[in-house]
Every structure is written in structure tokens, then in C-alpha cells.
Amino acid sequence: MPNCFGCCLCVVFWQVCSRIVQAMIEVLAKLGRGPVFLAGEVLECVITFTNPLSATSTSASSEMLAWASAQIHCQFHTSENRVALPPSDGSKHDVQAENETVFVPNRGERGQCILSTPPKILFCDLRLDPGESKSYAYCETLPIDGPPSFRGQSVKYVYKLTIGCQRVNSPIKLLRVPFRVLVLQGLKDYQFPQDEAVAPSNPFLEEEEGLKKDSRLADLATELLMVATSRRSLHLYNISNTRGKVGTFCIFKTVYKIGEDVIGTFNFSEGDIPCLQFSVSLQTEESIQEEFQRRRGQPVSFSTHARHQESCLHTAQSSFSLPIPLSSTPGFNTNIVSLKWRLHFEFVTSRESAGTCLLRGSQSEAITWTGVEQMDVDTFSWDLPIKVLPTNPILASYVSQFSSTNSITI
């Protein structure tokens, strides 16, 4: 009798496990070119639905999905200690958003959805036999007037592609695919040549024509970036404090792409004041527009991305090279926040002449010079604004924290 009871338990357990294994569909989303895009480009994603059970499995059966849809949205987060947003209009609250059978891409996420594309239906009533897979292509043009992806100290802009799918009489399941958007400011104001604008159009091919225009925008962005960042001209600055000239600083361009190196040189041989030490920091300046500041006159937030420091007493010339990280955000401006780039210089100079900075240690033929133990110094700083633009999104994809492939099981 105990053996029969144990057998019954095994049968029940096997049936439960079979039902659990049976109710399974794998959803895989893959971005074809990588997880980084320029605003105005077309995002392409292949979504594959698979019934993983083999046809030879004893518990194999067909699986059904009622529908699947996809949509792109940008989520906006703020620090409550730094940003004061106007109160949201409660009358615009969508009651359907609380219904688990309604497709809401940003359900359960913090912040506000400030941008979204129209949802696109991938299919209705999909049947998958054991071992069968079906793939669907999703294409959407990224809005050219949206903000870039950004994770700052006060504000965050996060882009995601959300795929929603539902079994019959079951809640909606969401697969979110995060990606990064780079924005080239002013690109949307570019006017295409008139011969393209007046070309005859086919009303039945409006969508195809739109894709061609977006492709031209992406190509144009790459060309404009190349032209803007390849220009070189000598920029020479005198470095001085209240006591006199310290030296000169030379840089050959002030417009860069992320991923490039900022290179500069110093010449201290022409200075009257000895420079003991200098440092150069590559920084971003994140400032909240005045009407959205939590406190009037609140300080700007700075982030340092690279730094070079060097002792330079009795050094005639020196140089530095600071890499702009590919993962960093180019400068931009919205109605709430602005991001600017700069080189921040700090100098330590002596109040005495260079000859008094060393002491003769012996009267013998072998002369030893040693540094003084104490010295009166002055310190001062200087900021040089630079402009940082996006780069080729394929290049930025190599260091992206996002994966091109995301999946869930439902």
C-alpha cells in the first residue's frame, strides 16, 4: 500500500511538471546592428518566438499566443533633491494602464514617459507547434527631436524597445530591450536639396520614402561629424597670474567626437613665474535650467572623465593626452538640463625665482643639488570650453553596456 501511494505521488508530480514544461514559449529579441543608434536612424529588431519542446517529447503540444506588439519609449528620471518638475495633470491619468491586459510599455517603471512611438502589432493568434519558431521584423525610425541617452547626477534619459505578448486569458508579459541614442544637435533643421524635395512621390510608398529620408539623415550626420571634427587651427593661450606670465598653452582644435583624444602642449620656457605643477581634467558640466532648479542658485554638477597631473619645475615644454570615453554623452541641451564639456586646468606656481628652488649641498667638486623643504606658492585655475559631438554608432556599440540580444520565457 505505501508503494502504491508513492507511485501515485510520482504520477501527480510528473503531470504537474509536464504542465509547467508545456506552458513555455521563448521570446528572443535581437538588434541587428548593435545597441547604439543616432537619432533619425531606423532601429531594426528581429523578434523570434519559439516553442522549445521537441516534437518527440511526450508532453509536447502546440502553444498559442493571442498577440504581440512592440513600441519604443524614452523614460525620464530626475533627482528630487536637484530638480523641481511642475505637478503632473492627474486628469490625464490613463485608467487602462492599471489593467494587466492592456499593453503599456513603461508599466512598473520609475519616472515619466516623455517620448514614445506608435505601437506596432507583430501578429495576432500565433500557433507554434513543438520545436517551431517564427520570426518577425520590427522597424521604427527614432525621433530626431528627442533627447540623447544620458545618466547624469540630476537627470536620466533611458530608451527602451518593449515587446508585449499575451497568452489567452493571461496577463501581458513584457520584454524590454534597452539601447542608446546619440543626438547630433541641429541635424533636424537641415534642408535637403530642392531636387530631392520636388521629386514625384508615390502615395502608396510613403513609408518607404520616409525610410529613405531617415537613411539620408544618418549618412548626413556621419558626414557633418567628419567635417566638424577634422578642422584644425592653432589656438594659443597665455597662462598668467597676478604676478606675471607662467607660460603658453597650445591646442589645435576644440571640437571632438567621443572616442577621440584631447591633446595639448605647454611651453613654460617663455614664462617669468616658475610653474611647479599642473593638472588638466576633462570634465562635463551638468546644469539644470533655472525654472526647474530645486533651490535658486544651486551649484552645477561636475564629472571628471580623465585627468593628467605633472610636476614641471625646470621643464621647458610638456604635453598631455586625455581620451574622451566612448561611453560618455556628447554635449546637449533640453528644456530641463544642459551638458557642456570643458578642460579644467590647475597650476601651482612659485613666488620665488626658479634659481632659489634648489640648494647647493656640497662645496666639493661633485656638486649635489636638492630641493628646498618649504616654498611659498600660488595656485590658480582656468577653464577652457570644448565641444564634444557623437561618433559613429557602430563604433560606440563596441563598448556599450547593453546587449544586442535579450530574451524572456513566458
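Tutor: We will go from the whole chain to a few single residues. This is a predicted model, in which local features need pLDDT of at least 70 and side-chain atom pairs count only at pLDDT 80 or more, while totals for chains, interfaces and linings use all residues. Residues are numbered from 1 along each chain as its sequence is written, and side-chain values use heavy atoms, with hydrogens and water left out.

Student: OK. How many helices and strands does the chain have?

Tutor: There are 4 helices and 23 strands. Both are DSSP runs numbered from the N terminus: helices are H or I with at least four residues, strands are E with at least two.

Student: Which strands form the open sheet, and in what order?

Tutor: The order is 7-3-1-23, with antiparallel pairing. Two strands pair if DSSP finds at least two bridges between them. Strand 7 (133-141) and strand 23 (405-409) are the edges, each pairing on one side only.

Student: And how many bridges join strand 1 and strand 3?

Tutor: Strand 1 (residues 26-31) and strand 3 (residues 42-50) share 6 bridges. Within strand 3, Phe49 is the residue opposite Val27.

Student: New topic. What percentage of the chain is buried?

Tutor: Of the 410 residues, 40% are buried. Buried means under 20% relative accessible area, exposed over 50%, and partly exposed in between (1.4 Å probe, protein chains only).

Student: Which residues have the most contacts inside the largest nonpolar core?

Tutor: That core has 83 residues, and Phe49 and Phe266 are among those with the most contacts inside it. A nonpolar core is a set of buried Ala, Val, Leu, Ile, Met, Phe, Trp, Tyr and Cys residues joined through side-chain atoms within 4.5 Å.

Student: What does Asn267 touch, leaving aside neighbours within four places in sequence?

Tutor: Asn267 is in contact (heavy atoms within 4.5 Å) with Gly247, Thr248, Ala316 and Gln317. Asn267 lies in strand 14 (residues 261-267).

Student: Why does Asn267 count as buried?

Tutor: Because its relative accessible area is 15%.

Student: Last one: how many disulfides are there?

Tutor: A search of the whole structure finds 0. A disulfide is a pair of cysteine sulfur atoms within 2.5 Å. For Cys113, the nearest cysteine sulfur is that of Cys74, 7.6 Å away.

Student: Why is Cys113 called partly exposed?

Tutor: Because its relative accessible area is 34%. Cys250, at 14%, counts as buried.
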